[in-house]
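Please read these points with the structure open beside them.

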Amino acid sequence: MARIQSSPVGKLLSWALLLVFTFAGVQMGLSAASSAILAVGDWQSTAAFSVLLQERRDQLAQYFIDSIDWDFLLANDFSYTQDEMDLMQLQDDIQTAETELSAEATAFRYQLRTSDGTVFKSNLGEDERLSQVVDQVYYSILSPQTLSDLDGSFQWSTSSLEWGSLSLYDVWGGRGTLGTLTGSVPVYILAYGVPSVPPETISDEFTALYQNCSTASAQFLPLIIGASVCGILALIALGYALWTAGHKAGQEGITLFWPEHAFVEIHLLTTLIVLFFLLWGGLQATDTYLSLLNAYYSAVSTSTATETSLMTYVISLLSTLAVGTVSLLLRTIAVRCKGHSFVKTSVICLVIRWLVLTIRDFILSIPLTWRVIMAFLLYFFLNLVLFTQGQYNELFTGLWLCLNFLVLLALCWWTVNFRRLRKGSQALASGNLHHQIETQRMPRDLKLYAEDLNNISVGMASAVDEQMKSERFKAELITNVSHDLKTPLTSIINYVNLLKATRQDDPKALEYIEVLDRKSQRLKKLTEDLVEASKASTGVLSVNREKIGMAQLIDQALGEWTEKLEERKLTVVSNLPEGETWVYADGRHLWRVIDNLLSNCAKYAMEGTRVYLDLTRGKGQVSLSVKNISREALNIPPERLMERFVRGEESRTTEGSGLGLSIARSLTELQGGTFSLAVDGDLFKATVSLPQAN
Amino acid sequence: MYNILICDDDKDIVSALDIYLTSEGYRTIKAYNGREALKAAEQNEIHLILMDIMMPELDGIRTTAKLREDSNVPIILLTAKSEDSDKILGLNIGADDYITKPFNPLEVIARVKSQLRRYTSLGGADRGPGLLTVGPISMDDSAKQVTVDGEPVALTPIEYNILKLLMSHPGQVFSSAQIYEQVWNDPAYGSENTVAVHIRHLREKIEINPADPRWLKVVWGLGYKMEKGSV
């Protein structure tokens, strides 16, 4: 595709074809147009026919007058003859006219009658009637009186011919009325016409015209089709030329030549000037052409054929040049549009843009409040004017309706965008920090607001990411440190054990070893819990949620803990609902949660009390609560209890790392549950809620 | 007299293990990284290897893989990493057992003994009818006798019946209620609690570390199962 577009051969060819097809098309169009004059309708209805008919009529009238003159002179033995030459001339004229008007020489048929109906002269055969020979009979009257004196039962027109006291009138009307007319007034009637198909034996101007008309009507359709095809082909060539314009071989996109850098108005002006001259020349040529055409078809002069065709060439050439000039203008506009430089290279566009920008900047520099007030006042004023004017003029009513409809549209647009903005801020408020509001096609003030919100969300998202990263880093650090702690701890535990196996005489030494043993075990527990707590709180643990039976799990947990709790003289009272209660959870993590809670009971519950385990279900949630009486007074709020390294008693002498509740909460939340604590006096209550599984 | 190769980059741990194992009557060979361990394994007849995972030059996992190319000597990995994925990787690569640091010396000795017994005396071929075997645990139903690594274990009749149920269906999970119904032959009325206690006792008797059982596993929230004995 790109190769076709950038081929120079294709471009040149398309331009050449454009010009050639335009030229050919105009040629054919002109021929078709000139044929149309003859080809449309009957040949006798053409202008050329009536011209020819008038000439014959005038010749006939002249012949008639000459004949009357001759008869008069003959009756008076030529006593009024002044000049021998004139007489000779008159006789010659009469003879020529008689020959030319004879039935053998012309297709023109006539009948000359006096007002009383006597046929004076005719070239019709013995038993021929004029109305049978010709389609249309034309009448003219030669009268010494002005016909305005006559009654108006028929129409007439004065021709330009006047001979002495006689005037020639063309008459339209019935023959009956003509009869009444001719009864009282001394007139001569000329009746004439031409057969619709002139006899082939005769060769005169009518047969020539008839031939021309037949040829023209045969040529008309092919010429019209040819002209249309040429026009379409020229348009295709133009389209191709515009499509390829600006593409250059070996270059991506649009290449602008120096003419495309000049202002488009220069091109436009040049084109207009050139077009003006071409049009002027074209009009001259068309004038000449039309007059030639008239002459040609009236067959008065047959020598004009070469001149006519020369004129068609001139007109076609001028048209082709005009089309070429306009196409060049179109080409530069097309290239500019394709290269997105139209606005930049147009003075008018630049001025308009500058104006728009200046006005916009001015309006935007006004505070929002004033802008709203101004907009409202403008609206109010327009409303008032249009409404009051609308009482007298419906146009203003229409304008008033349009104005209000536009205002409604603008308000809708604003509201829709405002809703989009509010949705965005709601998303942000609900914690979706990656939601970005679409700011395209928003009112400017809302857009600024939306962009601010977008910036906030980006900032917050990056802050949260940063925090997550640092949390994860912390977890990794804790894990690594714990791993490093474990190796020396292994040695400590092992050597303490070895020490225990040695013989010690000093009883104090035995006591010290015992302390070492206890503390090293505690250290071991602490490092293990620390790793678990950091992993659980940062969510790096994998969670495999499946359907878990809560009753089964509590049963298993109690199996692990009953004896240790009994050692502490704690009685477990469990209230489980009928049947199995299923939850969605990760069994191992959930076990750790319950394990931690029971371990807490074992560590911190007052001896001899009861531990309550309650399992409840409802509203798609399953809650397990563990209640016990604390041995020490719980003088810290429950939120603090869930923090790391916080224990119910401040002395920190008992076993336990202080991480148990923190781990339990993190693990519960990892599984999509909630973990809550409540302290009421010495009553300690922990509740784990999880989504119920069906 | 068995030769045990101890391999750890921490010399104090190596010598502590050396003391424990020597006092138990084993001969020890020490190595401080994977390369030395490979060399030592070539030069001596080794019956068991205790090896750390995180070591310089050649780590425990790669050393295990190398050793497994031409030897089936028992390998116990010592690891500071407590993640399950590390344990699974170690066992898949060919180790027989693992102990997480910080370890209890008594557990180390128990595991060493268990591995040695199975490596040397138990061929695993002496299986008769009515003899159930899962890993190191064997149950002779005709004699009502349970042994772990050849050592007889004393079980109560209920414990024995629970173990028999689980061992006859290795890999299958039984809920407390199912176990109760099968062993006590009574419908379960919320008295499954006793099952959990019995199983914990059972675990204490047949597992080296009852808190981290290898064979009698707790499937939290679903029940209990016996691992399929592949070793």
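**Notes on the model**

1. In chain B, four strands form an open sheet in the order β6-β7-β8-β9, paired antiparallel. Strands here are DSSP runs of E of at least two residues, helices are runs of H or I of at least four, and both are numbered from the N terminus. Two strands count as paired if DSSP finds at least two bridges between them. The edges of this sheet are β6 (131-134) and β9 (151-153) of chain B, each of which pairs on one side only. On average, neighbouring strands are turned by 25° against each other, direction ignored; the axes are lines fitted to C-alpha atoms.

2. The model is predicted: local features need pLDDT of at least 70, side-chain atom pairs count only at pLDDT 80 or more, and totals for chains, interfaces and linings use all residues. Residues are numbered from 1 along each chain as its sequence is written, while chains are lettered from A and ligands numbered from 1 in the order in which they are written.

3. Within the chain B sheet, β6(B) and β7(B) (residues 137-140) run antiparallel and are joined by four bridges. T133(B) lies opposite S138(B) of β7(B).

4. How many residues does each chain give to the contact? Chain B gives 25 residues and chain A gives 26 residues, where a contact means C-beta atoms, placed from the backbone, within 7 Å. On the side of chain B that touches chain A, two or more residues come from each of α1 (11-23), α8 (193-206) and β10 (216-219) of chain B. The most come from α8(B), with five residues. By class, this side of chain B has 14 nonpolar, five polar and six charged residues; Asp, Glu, Lys and Arg count as charged, Ala, Val, Leu, Ile, Met, Phe, Trp, Tyr, Cys and Pro as nonpolar, and the others, Gly among them, as polar.

5. Chain A contains 19 helices and 13 strands. Of its 694 residues, 28% count as buried, meaning that 20 or more other C-beta atoms lie within 10 Å of the residue's own.

6. Strand β13 (residues 683-691) of chain A pairs antiparallel with β11(A) (residues 621-629) over nine bridges, and V622(A) has L690(A) as its bridge partner. With β12(A) (residues 674-680), β13(A) pairs antiparallel over seven bridges; T674(A) stands opposite S689(A) there. The hairpin of β12(A) and β13(A) has two residues between the strands, and G681(A) takes a positive phi near 65°.

How values were computed
Contact = placed C-beta atoms within 7 Å. Axes fitted to C-alpha atoms, helices over the stretch in contact; angles between N-to-C directions. Buried ≥ 20, exposed ≤ 12 C-beta atoms within 10 Å, placed from the backbone.
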